[in-house]
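Student: I have not seen this structure before. Could you walk me through its pockets and its annotated positions?

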2 protein chains.
Amino acid sequence: MINPFTDEYFMKKALQEAEMAFDKDEIPVGAIIVIDNKVIARSHNLTELLNDVTAHAEMQSITAAANYLGGKYLIGCTLYVTLEPCQMCAGALYWSQISKIVYGASDENRGFVKMGTQLHPKTTVVKGVLANESSELMKRFFAEKRK
Amino acid sequence: MINPFTDEYFMKKALQEAEMAFDKDEIPVGAIIVIDNKVIARSHNLTELLNDVTAHAEMQSITAAANYLGGKYLIGCTLYVTLEPCQMCAGALYWSQISKIVYGASDENRGFVKMGTQLHPKTTVVKGVLANESSELMKRFFAEKRK
């Protein structure tokens, strides 16, 4: 039997969140958190609306997932996020001990890989899932901003 | 005339916040944010109460100060925090472009200095202000935990 719950399947949901951010004139990044193939958190970047640099999609999903689970550790959970997490979000993911991070486009300037931010040793990382869709959305956002 | 608004003066207020965390059975870290010698945010670690790894003192103060200022950038502000910020908090401070960070005790294991987390190039850092008071409070907390 074919497993419908692929990384692409869930990343599409994160992309839907990124499109919601786009429609609100926010830098279009979306995230969801999944446990046992169930989505327990979904969020998108709200730094402009909330006037808050901490309101990245990942941060909101970490808080929401912990609230759902009733505990602050996200063991067994997977984060899907359309853009590579920054230092702040990777630092939060470190504390959460999340089991898996799947991201779309790389952020060569401010992503955690280049910045050298440390994740929890038990966290696995998959990159490049629907990366083109994610970066196209970002490019379209900044192209419209420059108009 | 003597200036009463020294780094020690403000760090004492951050220590009061750390003591409030201690009394709530939270790891005792406190923070305040100051602009023009005026305290515009005060907070303490609430990760246990809120079941949320993102609820560090610094994160809450960044959000509160931005809310007070009506903008997300903390230019002209100083953060006083009793313990050296972690990767997550330093990453948030990077985005905030805060002008100055003053911390008390160093965190040799998980502090941003050892972790290599990048701050904004315009941010200046002062360390070791009331470091003994801060680390004594931490030691007392963990000693009581071990009982």
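**Pockets and the annotated site**

Tutor: In this predicted model, the largest pocket is lined by 33 residues, and those nearest its centre are Ile27(A), Asp107(A), Arg110(A), Phe142(A) and Trp95(B). A pocket here is an open set of points on a 1 Å grid over the protein atoms alone, where a 1.4 Å probe fits, with protein on both sides within 12 Å along at least five of seven lines; lining residues have an atom within 4 Å of a point.

Student: What is the volume of the largest pocket?

Tutor: The volume is about 810 Å³, taken as the space filled by probe spheres set on the points, which are joined across faces, edges and corners.

Student: Which element gives the most to the lining?

Tutor: Helix 5 of chain A does, with six residues. Helices (H or I, at least four residues) and strands (E, at least two) are DSSP runs numbered from the N terminus.

Student: How do the lining residues divide by type?

Tutor: There are 15 nonpolar, eight polar and 10 charged residues in the lining of the largest pocket. Ala, Val, Leu, Ile, Met, Phe, Trp, Tyr, Cys and Pro count as nonpolar, Asp, Glu, Lys and Arg as charged, and the others, Gly among them, as polar.

Student: New topic: where does UniProt place the "binding site"?

Tutor: The unreviewed UniProt entry places it at His56(A), Cys86(A) and Cys89(A). These positions are spread over 34 residues of sequence, yet their largest C-alpha distance is 9.3 Å. Of this set, His56(A) and Cys86(A) belong to the lining of the largest pocket. UniProt positions follow the numbering used here, feature names are shortened, and annotations may be inferred rather than shown by experiment.

Student: Is Cys86(A) buried or exposed?

Tutor: Cys86(A) counts as buried because its relative accessibility is 7%; buried means under 20% relative accessible area, exposed over 50%, partly exposed in between (1.4 Å probe, protein chains only). Leaving aside neighbours within four places in sequence, Cys86(A) is in contact (heavy atoms within 4.5 Å) with residues including His56(A), Arg110(A) and Trp95(B).

Student: And where does Cys89(A) lie?

Tutor: Cys89(A) lies in helix 3 of chain A, and it is buried, at 0% relative accessibility.

Student: How should I read the numbering and the values?

Tutor: Residues are numbered from 1 along each chain as its sequence is written, and chains are lettered from A and ligands numbered from 1 in the order in which they are written. Local features need pLDDT of at least 70, side-chain atom pairs count only at pLDDT 80 or more, and totals for chains, interfaces and linings use all residues, while side-chain values use heavy atoms, with hydrogens and water left out.
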